[in-house]
Amino acid sequence: MRLDYFIANATALSRRDAKKAISSGLVKIEGRTCRKAGTQVMPETGITLEGQSLSLPVERYLMLHKPEGVISATKDSRQPTVMDLLPAEIRRGLHIAGRLDADTTGLLLLTTDGQWSHRITSPRVNCPKTYRVTLMEPMDADAIAQLEQGVLLHDEPRPTRPASVCQLSERAIDLSISEGRYHQVKRMLAAVGNHVNGLHRWRIGSVVLDPALAPGQYRELTCEEISGLA
Ligand code: URA
């Protein structure tokens, strides 16, 4: 990576201030002053700024059990957000990999790693998300077949991708989808003449919501969980 990118990521300096610090001779690579912002460096290269040794922050990956009534946003002036559930020192740089509606509960992933979250949310990557859906009306075999095939949502030209459905009881299903359209699950059930009473996401790809986490609690992902989604 470029030296100015490294400095900006390893410190609170903007990219422009990082370039100024480099051209002013404040930065050394392996003990030698370097004034070229475009110099290529590796994360493990020994780099100092005014004598202070620098390193890149490690990426963070968290799972959170989202409670009802909390919104999936990093900031909101009126309602509590999922960020309010995290200590201030770990919030920096985190973003949400796949939002949930305010009334949906369950597994939310937060990370500083943009490439990793892209693989979870991109419709081009087939990363299934599984929701426990409780319904107003009983589900029949015809509605299940429609969901499995793909349904046309109101005001949308393309049907949803084939979903997988596991019926748990008359009014409860597990629905797995690999897209993230706006209110997708609620709209899919509306398209087959039903209504969602409760929605809980419990799996994203190979990562399952930890049953030890009460609503509002979070934990770091394990290395296996991180690489399982990479
Ligand atoms: N689909 C919905 O309708 N709501 C969610 O929160 C997630 C998926």
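Biologist: Which backbone nitrogen does the side chain of E179 reach?

Modeller: With a contact like this, you look for the two atoms and the distance between them. In this predicted model, the E179 side chain comes to 3.0 Å from the backbone nitrogen of R161. There's also a polar contact between the side chains of E179 and Q184, at 3.2 Å.

Biologist: And where does E179 lie?

Modeller: Look in the loop between β10 (172-177) and α6.

Biologist: Is E179 buried or exposed?

Modeller: Here you compare the relative accessibility with a cut-off: buried means under 20%. E179 has 10%, so it counts as buried.

Biologist: Let's move to the ligand. Which helix gives the most to the shell around the ligand?

Modeller: That's α6, residues 184-191, with three residues in the shell. The residues surrounding the ligand include Q184, V185 and K186, along with L100, D101 and Y131.

Biologist: How do the shell residues divide into nonpolar, polar and charged?

Modeller: Four are nonpolar, three polar and two charged.

Biologist: How much of the ligand does the protein bury?

Modeller: Start with the ligand taken alone, which exposes 240 Å². The protein buries 95% of that.

Biologist: What is the space taken by the ligand?

Modeller: It's the largest pocket.

Definitions and conventions: Residues numbered from 1 in each chain as written. Predicted model: local features only at pLDDT ≥ 70, side-chain atom pairs only at ≥ 80, totals over all residues. Heavy atoms only, no water. Near = heavy atom within 4 Å. Areas by Shrake-Rupley, 256 points an atom, 1.4 Å probe, with all protein chains shown as cover. 1 Å grid on protein atoms, 1.4 Å probe; cavity = no way out; pocket = protein on both sides within 12 Å on 5 of 7 lines; lining within 4 Å. Sits in = over half its atoms within 2 Å of the grid points. Helix = DSSP H or I, 4+ residues; strand = E, 2+ residues; numbered from the N terminus. Nonpolar A, V, L, I, M, F, W, Y, C, P; charged D, E, K, R; others polar. Buried < 20%, exposed > 50% of the residue type's maximum accessible area, 1.4 Å probe, protein only. Polar contact = N/O pair within 3.5 Å; in protein donor to acceptor, adjacent residues only side chain to side chain.
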